[in-house]
Amino acid sequence: MFSIYCPYCEEHREEDEFHAKGQAHIARPLDPESYSDKEWGEYLYFRDNPRGLHHELWVHATGCRKFFNISRDTLSYEIKETYKVGEQPHFTVNQDK
Amino acid sequence: MNLKSMTQKNRLQAGGRIDRNQPVNFEYNGTQYQGFVGDTLASALLANGVDVVGRSFKYSRPRGIVAAGADEPNAVLQLGATEATQVPNVRATQQELFNGLVAKSTNGWPSTDNDLMSYIGKVGGRMMPPGFYYKTFMYPQSLWDTYEKFIRKAAGLGRSPLENDPDIYDHINHHADVMVVGAGPAGLSAALVAGRTGARVILADEQAEFGGMLLHSNEIINGLPAAEWVAGVVAELSKMDNVMLLPRATVNGYHDHNFITIHERRTDHLADLAPKGQVRQRMHRVRAKWVVLATGAIERPLVYANNDVPGCMLASAISTYIKRYSVVPGKELVLMTTNDRGYQAAFDWQDAGRKVVAIVDTRAEPTGACVVEAQKRKLKVIKGSAVIEVKGRKRVSGVVIASINAVGDRVTGNVRTLSCDTVASAGGWSPAVHLSCHTGSRPEWRDDIQAFVPGATVQQQLVAGAINGSYRLAACLEEGGHCGALAAANAGFGEQSDELLEVAIVDNEISESASMALFHIPHTQPTSRAPKQFVDYQTDVTAAGIEVATREGYESIEHVKRYTAMGFGTDQGKLGNINGMAIAAKSMNKSIPETGTTIFRPNYTPITFGAIAGRHCGELFDPKRYSAMHRWHVQHGALFEDVGQWKRPWYFPKTGESMQDSLNRECKAVRDSVGILDASTLGKIDIQGKDAREFLGRVYSNAWAMLGVGKCRYGLMCGEDGMVFDDGVTACLAENHFIMTTTTGGAARVLEWLELYHQTEWSELEVYFNTVTDHWSTLTISGPNSRKLLAELTNDIDLSGDSFKFMDWHAGTVAGVPARVFRISFTGELSFEVNVQANYGMQVWEKVFEAGAKYNLTPYGTETMHVLRAEKGFIIAGQDTDGSVTPMDLGMGWCVSNKKPFSYIGKRGMAREDCLKPNRKQLVGLKTRDPKVVIPEGAQAVADPKQPIPMTMLGHVTSSYYSACLGHSIAMGFVRGGLDKMGEAVYYPQPDGSVIEAEICSPIFLDPKGERQNV
Amino acid sequence: MSDLMTKTEFKAPPQPAYALMNQLPGQGPRAESPLYHADLATLANKGPVEGGVHLQEQSLLGHLVLRGSLQNKSFVKGFAQVMGFKLPGALQSAEAGEVSVRWIAPDEWMLIVPGAEAFGIEKKLRQVMTGHVSIADVSGGQTVLVLAGKDAINVLKKSSAYDFHDSNFPVGKVVTTTFAKTQAVIRRIGPQKWELVVRRSFADYIWLWLQDACAEYGLIVRG
C-alpha cells in the first residue's frame, strides 16, 4: 500500500484514500474535430508503459477530491514527487538519466 | 479415540522454560498425550517420543520434526477440536500447547504410520520425476480432475473447515517511527535504543516470548545469563508508553513505502476457540518511517542420502529443544557440521546425559575453540568426513560415514557405519532475508559467510544482526543498538550518542574458526543413483531432481524452481532453497551468485483467511446503503435488490403471490391508478456557478444553453469514445444553479468524472459540484391519479397541466414539508417526483400513503419500474448500454446536438468512421411470436437458427419482461442494423436446443405519442 | 419560489442566481435522523454503563457545504462577518458555541450549525458573498457521531489507516478519510473525543461496524 503525499492536504495519506486515473499530462485536444480517427484513437487509447519514471494522475477520492500528479518509478514503486494539476514535474526521464 | 497415554520419555527432569507444575493434555492423531505449559506442540510430541508427523508429498516417506521454528517443513498439522475451528497448515513448532488441543497429521493417507502410498512411493522415483505435473498430466486432459483429487488427498495439503468460523478476527492500523522486526538480541537492542529516544516504536516477534536464541543460549550478557538480560530489557520496554510490544506476532509482509503487515495470534495459545468477546487473530497494518529488520538467520541442513528419515534434525533445533523445552529428541547422536557453531548441539546433548556417538566435521583441520572444548569433553571428533547416508525408515538406526576431499565433492574412502538414532546437521546459516525481498530487493551473496544477505533497497530499511550476516552475539547487540539509534534519528528522534548505544557487553564470547562451504554431501554413488538426498522436504525435491532439471535445460533458477517445485511448499523453502541453488550452480559449473536466487514473497508463514478478512465479513463485508424509508419497505414485506451498495425494494409481494403476480399487480396499479417508488438512491449532484450551464453542455450530448429556470431536461453522458455511460434528468433551479441526477450505481463515478474535467481541463469555468444524493428523499408518484393524490397533500403548488407542465419543476410544500417537485416520468404515466430533506422522507412517505388509500396507492419496486419503463422503451444505462453503444445505436439521436459550439465529450468519438457505419448493433424492440414466451436476457440473436455452429451472432437481448398491461412479453435488444429491419424476424437459440422467434419492432410498446404523461 | 424576495426589498433582482430554500417544516412533521431506527435513546437507558468507548449521535444539525476561493475576499471576509470567526486553514477546524466549521479541501469547508439556524445562516452568507461561491445544504444527507473514551482511539485505528496519534492529530484537526469501507470527516474535539461526520445512507453500516469494533472494549451509547 502506497503512502501518498497529497499536495492539497499537504500531508501523506494511505493509498486507500486515492484512486489512480492513469497517465498524467494527457491534455484534451482543443479542437477534436481537426483530429483524424487515428489521431483521436491515439489520444483515447494509447498510453506509455515505461520501465522506470512515470507520471500518473491520481485523485484524493475519499479526502479532498482533488486531482494531482505523481512521478513514480514503476520498478521500485518509489514516488519521487507529487504535484498539482497545472504544475510540471521536477523529475523527468532525461534528467533522471 | 485411542486412550493409550505415552509417557514423556524424552523429557529431562529439570531445566528449560516449561512449567512442570502445569501439565497440559492434548490429542494427536486420536491419541492423548501430555506436555507442559511452555511447550510447543512440536516439543511436546518430541517429549512423548512421536517420531513420524507426516508423509512426504510425492514419495509418501515418513517424516519427522526437523526444526524448531517457522522453518519446519514436515510437522505441518491440521488443528481444531471441532469442524468450525479447523485450521490447516499449522507448524507444530510454532503452535503453543494448550489443554484440549487436537491436532492431526495431514500427509498420511490413509494413515501416517503405515500407508499405501509409501509402497508406491518406493518406486515413486520413476513415477514422479521432476516436471511430473507437466509431463504426466498434460494428457488426457479429461482425467485431470481425477489425478488432482488423488494427488491432493495423497499430498495432504490440509483442509478448510466446512462450517463457519465462530471466532472474531480484526485489523488495526498503526504508524510507527521505528518498526523493529524480530526480538532476538539485535531486535531487542534496536527497540531499546530507539524507545529511549521517545520515538514511536513497535517490536514484533513471532514467538510467545521475546529473546530469540538468547532464551536458550549459554552466553553471559552484562554478567547475567542471556535470558535474564532479555527479561530486563523487556521490562524496560514495557514501561515505555511510546513502545508497543507484539509477541506471537509474525511480520508476514513488507510492502511498498515501509508498510508492514503483522499477523498476531492473540488467543491461539489459549484454546481451540477464543474466549468470549476476544479477538482471536489481529492483522496489524503498520506504516513505519523506518524499519529495522532483525529477523535472524535460519540454519541450513546438509543434503545427504536419506536425510529425511525421522531423527534427522537441524543442530540448532536440537539445542533449542534441549535447552528451552527440556526435551532430548533421541538417545544417540551423530552430529555432522561444517562449522564451529554446530558443535553446541553435541555439547547440549552430552549435558543432557545422552550419548554423543560422534561429531563428524567436514573440515579437514578444524581449529576453533569448540574443537578444543570437544576434546576436553572427550567427544569423538571425526575430521574431514561426512555422513553420506542414513539408515532406517521410520527412525534413524544408523549412519554411513566416509572421508571426503577438501572441497567436499567426492568420497575419498574409509566408509563405515555408526549406530545412532539421531543425526544433527549443521550446514551454516542463511540470513532470514525474506522480508527484505518482499518489496523487490534482490539478496546479495557474500562469500565470506557463504550466504545471501539483504540487497540494496529503496525502502527506509536497516538490518541488524544475523540477517546481516553478523552471527556473533556482541555484533548483534551492537548492530541492533546502532540501527535503533539511526532509525530513530532518521525519524527525528534522539541524538546518536554513544551513551545510548551501550546496550550490553558479552562476557563469554568464544573465538571461531572458518567454516566450510558445503551444501551437498557426496555419496559413493553418483547423485542420480544414490539414495534420495532431499533438498526441499515439503515438496520432495531431491539433489538428483535438480540435476535433472539443469540437464534438461532449465538454467534460470526461477525455471529450476518451477520445474522441480522447490520452494513451492507452505514453508517457501526456508530450509532448502539455498542448498538447491548451490546444487543447481554446481551442476551448471557456475557460482551461486552467478546462478542467482529466487526471491521470497509475502506471507512469511501461512496466514488464516480470518486474519485477512478481519471484520470485513458477514454483515460488514460490504456497506449496505439504505434510504430514509427503508424501515417502511421492510415492514411492508419488500424484497430487496442490490443496486451498487444500495438495498432497493425489488417488489412488494403480498401473501401467496408469485413474483410475476406481484409485478403484474404493481404495474397495473401504476397504469390504472397510482403507484409510488422510492427513488432516493438516484445520484444527485448540486451544481452551482455562472458557468454551470456551459459545463453541462460539455458533458452531456444534448443542448443546455436554453434550459430555463424551472425546467428539467434528460441528458445522455458519453465518454470521449462517444459511448453512453450514464444518463439522467437535470433541472435548472436558478440561473447559475442546477441539480443533476445520475443512475443509482453511477453517482460516484459521474461526480468524479465532472471533477476530473473541471480540475484538469476546464478549471477556468466557474462551477462547483457537491453530492446531495443522501440529502434528498425522492418519492416518485406515478399514474393517472398521481395529480389528484398530490393535490391532497399540497396547497401551494398549482398542479394543473397548464401551470405545471411536463418537464417542469416547482417548489412548495408537500405533507407540510418543503419540497421540490419535478414533473418527469420514467413510467410513461403522469408522474411527480417529490424531493424532501431526507430527515422528513419517512414522514412524507407515510402521509402520502394515508392520502393514497382511496386511490389504491401501490408501492412498487425496481423490477416493476423496469417493466414500466421497458413498455415505454426507456433505456437503463448499464443494462441496455455496456460501454460500446453510442446514442445513435440506442436510437436516441434526438438526444445529440450537433449545433453546440463546443466539441462536447463524446462528439468526436461518435464521429469515428466505425461509429457511423450503418450496420452497427442497434437497440430495437422485440416481440416474440409466442406472446407468452419471455426471451432470457443475454440471449444471442441469429438470422438463421439452422446455420451450423458457430452461428453468426447479430446482437443480444438487454431487457426482457412479461407485460401484464400489454398482455404479451416485451424485450429490447441489440440487432445488427436493427433500425432498418423493422418487422423482420430474428431468432434466439436456447441452451436446451429450442429457438425463440421474435419480430423486430419499435422499442416503444405503449403509448408511442406520449399522451399518458402529457395530461 | 425565491425566499430572497421579501417585502423589505425595494426591488426584486432580475433573477436570483442561486435557489435558496428553507427545507425545514415548522412544528409538526417528525424528523428522523439517519440513526433514528437504532433508537439510541433507549439503548442509552438500557445499555451497559461501563466501557471503553462512548457513542452519541448529534442528530438533526444543520450541515452546509461552502465552496469558494480564498482569493475571493467577499467569501473570506463574508464568512468571518457572518460567523464571527475565520475560515480555518488546511486540516483545521474552528468553532464558536454551537457553530463549527471544518476544512475539507482548499476550496471547501463544512459548516455545522443548530438545525434551525441553517437556512438563516445560508441566507446571510449568500447576501454577503459575491462571485464564485457555492453553498449546499446537506443537512438531510449526513449525521454527526461523537466517539469518546479511553479506547476510542483504538476503534478509530481499527477503522481507518489515518494516524490518530497526538503528535499527528491534535485537538482541532480535521481529516476526511476512509473509514471502514466508507468515508468520514473526523475531527478531534478533545483528548479522548472525536467527531465523525458520516453520510446518511452509510450510517447504519457505520453503526454496525462501530458496535462490532467496540465489542472488546465495551460500548456505552449516550442518548
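Trainee: So two residues are in contact if their C-beta atoms, placed from the backbone, lie within 7 Å. Which residues of H6(B) meet H12(B) on that basis?

Mentor: This is a predicted model, so keep that in mind throughout. H6(B) brings a run to the contact: B:Pro185, B:Ala186, B:Gly187, B:Leu188, B:Ser189, B:Ala190, B:Ala191, B:Leu192, B:Val193 and B:Ala194. Facing them in H12(B) are residues including B:Leu473, B:Cys476, B:Glu479, B:Gly480, B:Gly484 and B:Ala488.

Trainee: What's the make-up by class of the contact of H6(B) with H12(B)?

Mentor: That contact has 15 nonpolar, 5 polar and 1 charged residues.

Trainee: And the geometry? At what angle do H6(B) and H12(B) pack, and how far apart are their axes?

Mentor: The angle is about 35°, and the axes are 7 Å apart. Helix H6 covers residues 185–196 of chain B, and helix H12 covers residues 473–490.

Trainee: Left-handed or right-handed, the crossing of H6(B) and H12(B)?

Mentor: Right-handed.

Trainee: Staying in chain B. Which peptide bonds are cis?

Mentor: Two to look at. One runs from B:Pro602 to B:Asn603, with omega near 5°. B:Asn603 sits in the loop between helix H17 (592–595) and helix H18 (609–613) of chain B. Another runs from B:Ile949 to B:Pro950, with omega near 0°. B:Pro950 is in the loop between strand E45 (940–942) and strand E46 (953–963) of chain B.

Trainee: Why flag those?

Mentor: Most peptide bonds are trans, and most residues other than glycine have a negative phi.

Trainee: Phi, then. What is phi at B:Met807?

Mentor: Positive, about 70°, although B:Met807 is not a glycine. B:Met807 lies in the loop between helix H23 (786–791) and strand E40 (809–814) of chain B.

Trainee: And C:Ala180, what phi does it have?

Mentor: A positive phi of about 50°, and C:Ala180 is not a glycine either. C:Ala180 is placed in the loop between strand E8 (174–179) and strand E9 (182–190) of chain C.

Trainee: Is C:Ala180 buried or exposed?

Mentor: C:Ala180 counts as buried, because it has 22 C-beta neighbours inside 10 Å and the cut-off is 20 or more. B:Met807 is partly exposed, because 18 other C-beta atoms lie within 10 Å.

Trainee: I also picked C:Lys193. Where does C:Lys193 sit?

Mentor: In strand E10 of chain C, residues 193–199. C:Lys193 is partly exposed, with 15 other C-beta atoms within 10 Å.

Trainee: What does C:Lys193 contact, neighbours within four places in sequence aside?

Mentor: C:Val146 and C:Ala148. C:Leu55 is 138 residues from C:Lys193 along the chain, and their C-alpha atoms are separated by 9.9 Å.

Trainee: How many residues do chain C and chain B put into their contact?

Mentor: Chain C gives 49 residues and chain B gives 51 residues. On the chain C side, the elements giving two or more residues are strand E2 (62–67), strand E6 (134–137), helix H4 (152–159) and helix H5 (203–214). H5(C) gives the most, with 6 residues. By class, the chain C side has 21 nonpolar, 16 polar and 12 charged residues.

Trainee: What are the scores for the model?

Mentor: ipTM is 0.97 and pTM is 0.94. Chain C averages a pLDDT of 93, with 94% of the residues at 70 or above.

Trainee: Where does pLDDT stay under 50 in chain C?

Mentor: Over residues 1–10 of chain C. The model has 9 contacts beyond four places in sequence for that stretch. Where pLDDT is low, the predicted coordinates should not be read in detail.

Trainee: Now chain A. How many helices and strands are there in chain A?

Mentor: Chain A has 2 helices and 6 strands. Along the sequence the pattern is β-β-β-α-β-β-β-α. The C-alpha trace of chain A spans about 40 × 35 × 20 Å along its principal axes. Of its 97 residues, 32% count as buried.

Trainee: In what order do the strands of the open sheet in chain A run?

Mentor: E3-E4-E5-E6, with antiparallel pairing. Strand E3 (19–23) and strand E6 (79–84) of chain A stand at the edges, each with a single partner strand, so one side of each has no neighbour in the sheet. The twist averages 30° from one strand to the next.

Trainee: How many bridges join E3(A) to E4(A)?

Mentor: 3 bridges, and the two strands run antiparallel. A:Ala20 stands opposite A:Trp58 in E4(A).

Technical notes:
Residues are numbered from 1 along each chain as its sequence is written. Chains are lettered from A and ligands numbered from 1 in the order in which they are written. This is a predicted model: local features need pLDDT of at least 70, side-chain atom pairs count only at pLDDT 80 or more; totals for chains, interfaces and linings use all residues. Helices (H or I, at least four residues) and strands (E, at least two) are DSSP runs, numbered from the N terminus. Ala, Val, Leu, Ile, Met, Phe, Trp, Tyr, Cys and Pro count as nonpolar, Asp, Glu, Lys and Arg as charged, and the others, Gly among them, as polar. pLDDT is the predictor's confidence in each residue, from 0 to 100. Two strands pair if DSSP finds at least two bridges between them. Axes are lines fitted to C-alpha atoms, for helices over the stretch in contact, and angles run from 0 to 180 degrees between N-to-C directions. A crossing is left-handed if the near helix is turned anticlockwise from the far one by less than a right angle, and right-handed if clockwise. A residue is buried if 20 or more other C-beta atoms lie within 10 Å of its own, exposed if 12 or fewer, and partly exposed in between; C-beta atoms are placed from the backbone.
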